[in-house]
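Hi,

Here is the structure I promised to pass on.

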Amino acid sequence: MNLTHRALLTALALLALAACGTEPGGGQDRAAAPHETRAAVPAPVKEETVKGLAGMPPVLDPKDVYAADRPNRLSPVVRDFPSRVYVPNSESDTVSVIDPKTYEVIETIPVGRQPQHVVPSWDLKTLWVNNNRGHTLTPIDPRTGKAGAEVEVHDPYNLYFTPNGKYAVVMASLDRELVFRDPHTMEPVKTEPVSCYGVNHADFSLDGRYFIVSCEFSGELLKVDTEKMKVVGQQKLPFDGAMPQDVKISPDGKRFYIADMMAHGMWVLDGDKFTEPTLLPTGKGCHGLYVARDSREMYVSNRGEGTVSVFDFTRNRVTKKWHLPDGGSPDMGGVSADGKVLWLSGRYDSEVYAIDTRTGAELARIPVGAGPHGLAVYPQPGRYSLGHTGIFR
């Protein structure tokens with residue numbers, strides 16, 4: 001065999017081996033050989049956004065309405081304000097000012113007749129005392145603790161602010177009105193009459209486009225379009241003698257919780273659909289609702305039995321119940337800036353309770369004036385206030 005013929009045979013043999021997927025020298029089949037894995041190009045992450053009410057600060061986290069309320073995350077506006085607890089005494093016509101470090105009343109401020117709630121303004125710069133039967137609001141400068149001149153406002157049982165800061169909303173309970181006002185001068189802009197009795201408490205949807213209102217004396221709920229300033233839904237609670245109180249939205253924005261003093265629990269409502277809510281028992285005289293700084297739990301004051309129920313959002317149930325050692329009437333309040341203390345007024349006992357949020361232990365029981373009601377812990381974390389005793393976003 002000549003050299004050319006031999007070279008040709010060798011070439012043909014190599015081609016045959018290659019066609020069989022076998023390397024010269026008896027290597028393994030390529031199909032069985034380990035493949036080099038290339039890094040996959042990650043799909044672009046689509047950030048979830050919320051189209052909020054016009055002019056409203058952007059939602060920080062679509063899965064957590066309370067993302068701005070983390071421990072000690074104070075706005076630059078309030079960072080230098082002294083930490084205080086402001087207690088409106090509705091039967092004494094005063095506001096008791098408590099130093100939370102010493103648990104002592106350090107000042108008593110005379111205000112108008114029957115103060116119901118102390119409400120932080122949308123811009124965080126003012127505390128408004130709602131003098132319900134005096135038909136005035138008393139401004140307090142939280143930097144100095146000094147009260148200013150009263151502003152005439154009729155029937156201010158409670159006070160809220162739209163999420164864009166455009167309007168204050170006065171809950172005129174006996175007048176049966178929602179009164180939209182200038183948030184600084186308190187001049188009326190629009191009055192929305194309501195057919196229910198005792199408009200009382202409220203909270204806003206995740207996007208700020210509507211809010212849910214409780215009607216205490218007729219056992220009803222309202223749904224209000226924020227931009228149109230108009231009631232767009234109304235329903236009677238499915239409980240004879242229902243008496244709805246405080247309102248809070250869930251961290252994910254999917255549900256509203258409405259405390260009910262007579263049903264002894266919280267109504268759980270789909271705010272978007274505004275269908276019939278279901279009842280979740282908490283305790284006798286369920287009244288105030290306060291979300292923990294980590295957004296995992298909510299503290300529920302049960303005024304009729306002197307207890308606080310701890311509701312777990314993820315588990316959708318009450319996991320703990322704290323009993324005040326000497327009883328009491330825990331009503332309205334708020335959580336300290338660091339999240340470690342829950343402050344509640346003792347409505348029928350002329351006292352205020354400081355409760356350890358880690359253990360449920362009573363830290364202090366502080367004597368104040370008669371009929372303490374919607375106390376405000378201030379300052380608190382958050383970018384802006386929606387009103388009441390401090391609903392922050």
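**What I found**

Buried residues make up 55% of the 393 residues in the protein chain, where buried means under 20% relative accessible area, exposed means over 50% and partly exposed lies in between, with a 1.4 Å probe and protein chains only. Before you go further: this is a predicted model, in which local features need pLDDT of at least 70 and side-chain atom pairs count only at pLDDT 80 or more, while totals for chains, interfaces and linings use all residues. Residues are numbered from 1 along each chain as its sequence is written, and side-chain values use heavy atoms, with hydrogens and water left out.

**The chain as a whole**

The protein chain has one helix and 29 strands; these are DSSP runs numbered from the N terminus, with helices being H or I of at least four residues and strands E of at least two. Of the contacts with a separation of 6 or more, 47% are between residues 24 or more positions apart, a contact being heavy atoms within 4.5 Å.

**The sheet around β1**

β1 belongs to an open sheet of four strands in the order β3-β2-β1-β29, with antiparallel pairing. The edges are β3 (104-110) and β29, each of which pairs on one side only. From one strand to the next, the twist averages 25° (axes are lines fitted to C-alpha atoms, for helices over the stretch in contact, and angles run from 0 to 180 degrees between N-to-C directions).

On one pairing, β1 meets β2 (residues 94-99) in the antiparallel sense over five bridges; two strands count as paired if DSSP finds at least two bridges between them. Val87 stands opposite Ser96 in β2. β1 and β2 also form a hairpin with four residues between them, and Asp93 in the turn has a positive phi of about 55°. The other pairing to look at is with β29 (residues 376-378), again antiparallel, over three bridges. There, Val85 has Val377 as its bridge partner, and Tyr86 has Ala376.

Ser75 counts as buried because its relative accessibility is 10%. Leaving aside residues up to four places away in sequence, Ser75 touches Leu124 and Gly382.

Another open sheet of four strands runs β17-β18-β19-β20, with antiparallel pairing. Its edge strands are β17 (244-249) and β20 (278-281), each pairing on one side only. Here the twist averages 30° from one strand to the next. β19 (residues 265-269) and β20 pair in the antiparallel sense over four bridges, and Met266 has Leu280 in β20 as its bridge partner.

**The disulfide**

The structure holds one disulfide, defined as a pair of cysteine sulfur atoms within 2.5 Å. Cys196 and Cys215 are the pair, with 2.1 Å from S to S. They link distant parts of the chain, 19 residues apart: Cys196 is in the loop between β12 (188-193) and β13 (199-204), and Cys215 is in strand β14 (residues 210-215). The link is left-handed, with -50° about the S-S bond. Cys196 counts as buried because its relative accessibility is 0%, and Cys215 is buried at 0% as well. Cys286 likewise counts as buried, at 0% relative accessibility.

**Met229**

Last stop: Met229, in the loop between β15 (220-225) and β16 (230-236). Which residues does Met229 touch, not counting residues up to four places away in sequence? They are Tyr167, Phe180, Lys190 and Glu192. Phe180 is 49 residues from Met229 along the chain, yet their C-alpha atoms are separated by 7.5 Å. Met229 is buried, with a relative accessible area of 10%.

Cheers
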